[in-house]
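Welcome! Here is a short tour of one protein structure, written for someone meeting it for the first time. Please keep the view open as you read.

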Amino acid sequence: MRYKNKKLLTSWADDIDKVAILTKHSPVKTARKSGLDSLFSTVSIGKIVGAKERKELNGKKVILTSNSKANPVIAFLECLGSPTQLPEFLKAFYPELLQRKNYKQACQVATSNILQMPSGRGSGASQAIKNLFVPANKYDPWRDDKKLMSDVWQAVNLINVNQVTGHQLSKEPGRGIYITKDLIMSLLERPEKATKAKIANALVLMRVAGAIHLAQLDELTDEGKKLTRVNHNSKLVNSHHVYILGDFNTANWDLVAANFNLNLNTPISKALLMSLLGEQVARDYFPDLSGGVGKNEIDFFMTLKDKKGYTNEPIMTAKAAADTISSLSGVKDRTSRQWVDQICNVKPIEMAKMSKASARRLGYVLGNYKDTRPAEKLIVSTTNEALKMCVEKLAGKNDQLIKALKVRMHR
């Protein structure tokens, strides 16, 4: 067992006296704490869960187990068994913490969302959910991104239960949350695998699915509305940090899986969302997004694909694609390369960027591109017709490669 006191905390109501000893503290020091993270920075969380604790260089505590370290909030909730236990537990042992009016509902929503996460490939989740959250195996090229998607989703829900005191932000109890990348980073189970850019991209995919969405004014209480305008350098500016938390099982994950490859290194541009969701929806629910590949560049690649047809010969080099975007839009080389990645990340465009070696191995005919530099990346077609040609070329050579291509054909 990772934590010595897990069994005791899971059934805390049956042994209140023992738990009271573990949670003994000075109410004067904890009365002004607003969240679980700030509470656990004051009390001895290691003593409560039955494990060693340590302060990191950034001043934050971690819980040490035999072979890893854990976030105190996550460790405590693992011992407690469910966030739904939190309101009563805090009332019993930390009565000085004044809970927000909708804290009980917030804990219920978070518990439901965390429990609905699929536990593995054999779970009853849809294929779209597995493609976004569950690694196929240890060789899955999107393994780290899928794990981070799960971690970010858990962190989003933990934000909801972490904020014990304060005001109700949304009219529907337990749904209004204040999200920043720093808050998510502080509640990740594996923060070492995350970057703020990847977190931001994961949140956009969750917003596309409707698992969370930017709060609209008619959904907010007066207290929530106050947070939509913040003081920045003596000026009131729009804030895009107040969100409405939905339900995992009613989110449209198929919309994400059908339109985007899971690549958290590549952001999604506003123009892509406008083409997918419509201009008004993109403007209302994604006002924080700006820049990225635009309609002219998307149209260029779609026209190029139509001209090239469905050949399994590379369409062009990634450098030529970036140079074209740079000349169309006047952006710098680094930006144009990122825009190429954004275009290749969209499934309906049916293009992918890959190395010469990967293209050759997968059965693409290099043709005029066989003499390009070994490190050169190529843009290839991923239409079913092109992949069928690749499969025919590989026939009888490598069963695993053929299987991988057939999986791509049905994604």
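The count of aromatic pairs in this predicted model comes to 11. Here, rings of Phe, Tyr and Trp (its six-membered ring) pair if their centres lie within 6.5 Å; planes under 30 degrees apart count as stacked, over 60 as edge-to-face and the rest as tilted. One of these pairs joins W12 and F89 edge-to-face, with 5.4 Å centre to centre and 85 degrees between the planes. The pair links distant parts of the chain, 77 residues apart: W12 sits in the loop between α1 (6-10) and α2 (16-22), and F89 in helix α7 (residues 86-93). Helices (H or I, at least four residues) and strands (E, at least two) are DSSP runs, numbered from the N terminus.

W12 and F89 are both buried, a word that means under 20% relative accessible area, with exposed over 50% and partly exposed in between (1.4 Å probe, protein chains only). F89 also pairs with F93, this time tilted, at 4.8 Å centre to centre and 55 degrees between the planes. Four residues, about one turn of the helix, separate F89 and F93 within α7, and both are buried. A single aromatic cluster takes in W12, F40, F76, F89 and F93.

A word on the ground rules: residues are numbered from 1 along each chain as its sequence is written. Since this is a predicted model, local features need pLDDT of at least 70 and side-chain atom pairs count only at pLDDT 80 or more, while totals for chains, interfaces and linings use all residues; side-chain values use heavy atoms, with hydrogens and water left out.

Now to the nonpolar core. Such a core is a set of buried Ala, Val, Leu, Ile, Met, Phe, Trp, Tyr and Cys residues joined through side-chain atoms within 4.5 Å. The largest one has 117 residues, and L86, F133, V152, I184 and W253 touch the most other members. Helix α10 (residues 143-162) gives the most to this core, with nine residues. Contact means heavy atoms within 4.5 Å. Not counting residues up to four places away in sequence, F133 touches M117, P118, K146, M149, S150, W153, F248 and W253. A second, separate core has five residues, including L169, L220, V242 and I244.

I129 is found in helix α9 (residues 127-133). Why does I129 count as buried? Its relative accessibility is 11%, and the limit for buried is under 20%. Again leaving out residues up to four places away in sequence, I129 touches P118, V134, F248 and W253.

Next come the strands, where two strands pair if DSSP finds at least two bridges between them. Strand β8 (residues 242-245) is covered on both faces: V242 and I244 on one side and Y243 and L245 on the other are all buried. Strand β4 (residues 176-178) runs antiparallel to β8, joined by three bridges, and Y178 stands opposite V242. Strand β5 (residues 212-214) also pairs with β8 in the antiparallel sense over three bridges, with L214 opposite Y243.

Elsewhere, three strands form an open antiparallel sheet in the order β9-β11-β10. Its edge strands, β9 (316-317) and β10 (351-355), each pair on one side only. Helix α19 (residues 333-344) packs on this sheet, touching β10 and β11.

Finally, which charged side chains meet? The whole structure holds 17 salt bridges, each being a side-chain nitrogen of Lys or Arg within 4 Å of a carboxyl oxygen of Asp or Glu. Three of them are set out here.

| Salt bridge | N to O distance |
|---|---|
| D145 and K198 | 3.1 Å |
| D288 and R207 | 2.9 Å |
| D323 and K319 | 3.0 Å |

D145 lies in helix α10 and K198 in helix α12 (residues 196-209), so the pair ties together parts that are 53 residues apart in sequence. D145 is buried at 8% relative accessibility, and K198 is buried at 14%. D288 is partly exposed, with a relative accessible area of 30%, whereas R207 is buried at 7%. D323 and K319 are four residues apart in helix α18 (residues 318-329), so about one helical turn separates them. R54, E56 and K69 are linked in a network of salt bridges.

Definitions and conventions. Axes are lines fitted to C-alpha atoms, for helices over the stretch in contact, and angles run from 0 to 180 degrees between N-to-C directions.
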